[in-house]
Structures are given as C-alpha cells and as structure tokens.
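Here is my note on this model, as numbered points. Please read it with the structure open.

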Amino acid sequence: MEPQWAAGYFLASDADRERAIEALKQNFQAGRLTVDELSDRIGYALNARTCSELDTVMTGLPWRPMTPAGYPGMPMYAKTPVYYAPAAQRSKGMGITSFVLGVFGFFCGLTAVPAVILGLVALTVDADRRDDRGFAVAGLAVGIMWMTIFGWVFFR
C-alpha cells in the first residue's frame, strides 16, 4: 500500500537542513557557488519547512533525493551529495598564439608564417574541444594578410 500524499510536502528535519547546508558548502568549495549565492541559499535552507523547499534551495547543484524502500514517495537525501564528472579540459593555446603571432607580423613578416600554420592546425586538430576558434580564424586571416603585404612589397 502506497501513501497518498506528496513526498515534497513532508516536513524537513534539522538533519535534512544540515545535510543541505553541508552540500552547499561542498558545492561552494568546488566553485559552483559564489559567496553571495552561498549565504542566500544557506538562509533559505535554514528557513525551509518542507523537503520540496530544500530541493528548491539545491536547484542547479548536484543533489539527489533518495527514496527508502518502505515509502517510495518519501524523499530521503544522501549524506554525501552526488557530484558530476568535471567537464573536459578545453584547449585554447594554439588559436591565441596564432592571433598574437599574426598581430606581431606587423613588425616583421616572419611571424606571419607560424601564425598561419598554427591557425590551420588549431582549426583542424580537436575542433570540437576548442575554445579559441575565433582567435584561430583571426590569426589565420591576419597572418595571411601580412604575408600578402610583405610578399607584395618585397617581391613585386
């Protein structure tokens, strides 16, 4: 026989509030919250009356309500919050270097050649993990521009 009431309307205990505050502190240490968000959410957690209000406090953070076997609709919270795997490290070195070398091509045309090479490599290698695609395109364009200008000036 299942209970006929909504699980979110169960009153939250002091232990539930303490677990939520501990999870907020761990999320703050992991860099998911700012100081202002932490203080606001701790205030809401301390004032939470029901379990659904605690779930609202934890919105956007790794927090998984657990249900006991006897009451499938009743939330129980894990003592340790569940964390997601960190995002994969994004690459951003080659595109920025290409752009910087392309800009320095103004002083001498020699840096324009590595700017073009690095720009092409940054656009072709690991294109889905790149944060610097715009820099790579700009470095490629500026490098080609300076190579064209210096080639026209010196070899016409």
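1. Start with G105. Its relative accessibility is 0%, so G105 counts as buried; the cut-off for that class is under 20%. Bear in mind that this is a predicted model. G105 sits in the loop that runs between α4 and α5, the latter spanning 112–124.

2. What does G105 touch, its neighbours within four places in sequence left aside? The contacts are T111, A112, W146 and F150. A further pairing is worth a look: G105 and M147 lie 42 residues apart in sequence, yet their C-alpha atoms are 8.0 Å apart in space.

3. Now the overall layout. The protein has six helices and two strands. Along the sequence their order is α-α-α-β-β-α-α-α.

4. Take α4 with α6. Helix α4 covers residues 93–104 and helix α6 covers residues 133–154. Their axes are 7 Å apart, and the packing angle is about 25 degrees. That makes the two helices, α4 and α6, roughly parallel, since angles under 35 degrees fall in that class. The crossing of α4 past α6 is left-handed.

5. Which residues form this contact between α4 and α6? From α4 come G95, I96, S98, F99, G102 and V103. From α6 come F135, A136, A138, G139, L140, V142, G143 and W146. By class, the contact of α4 with α6 holds nine nonpolar and five polar residues, with no charged ones.

6. Next, α4 with α5. The two axes come within 8 Å and cross at roughly 155 degrees. Angles over 145 degrees count as roughly antiparallel, and α4 and α5 are therefore placed in that class, roughly antiparallel to each other. Here too the note on handedness reads left-handed, for α4 passing α5.

7. The contact of α4 with α5 draws on M94, G95, T97, S98, L101 and G102 in α4. Facing them in α5 are A112, P114, A115, L118, G119, V121 and A122. The class count for α4 with α5 is eight nonpolar, five polar and no charged residues.

8. α5 passes α6 in a left-handed crossing.

9. On the α5 side of that pair, the residues are A112, V113, A115, V116, G119, L120, A122 and L123. On the α6 side they are R133, A136, V137, G139, L140, G143, I144, W146 and M147. The contact of α5 with α6 comprises 13 nonpolar residues, three polar and one charged.

10. Look at I144 separately. I144 belongs to helix α6.

11. Last, the totals. The protein has 156 residues, and buried residues make up 29% of them. It exposes about 10300 Å², with carbon and sulfur atoms supplying 64% of that area. Among contacts in the protein with a separation of 6 or more, 63% join residues 24 or more positions apart.

Methods:
Residues numbered from 1 in each chain as written. Predicted model: local features only at pLDDT ≥ 70, side-chain atom pairs only at ≥ 80, totals over all residues. Heavy atoms only, no water. Axes fitted to C-alpha atoms, helices over the stretch in contact; angles between N-to-C directions. Helix = DSSP H or I, 4+ residues; strand = E, 2+ residues; numbered from the N terminus. Parallel < 35°, antiparallel > 145°, perpendicular 65-115°, else oblique. Left-handed = near helix turned anticlockwise from the far one by under 90°. Contact = heavy atoms within 4.5 Å. Nonpolar A, V, L, I, M, F, W, Y, C, P; charged D, E, K, R; others polar. Buried < 20%, exposed > 50% of the residue type's maximum accessible area, 1.4 Å probe, protein only. Areas by Shrake-Rupley, 256 points an atom, 1.4 Å probe, with all protein chains shown as cover.
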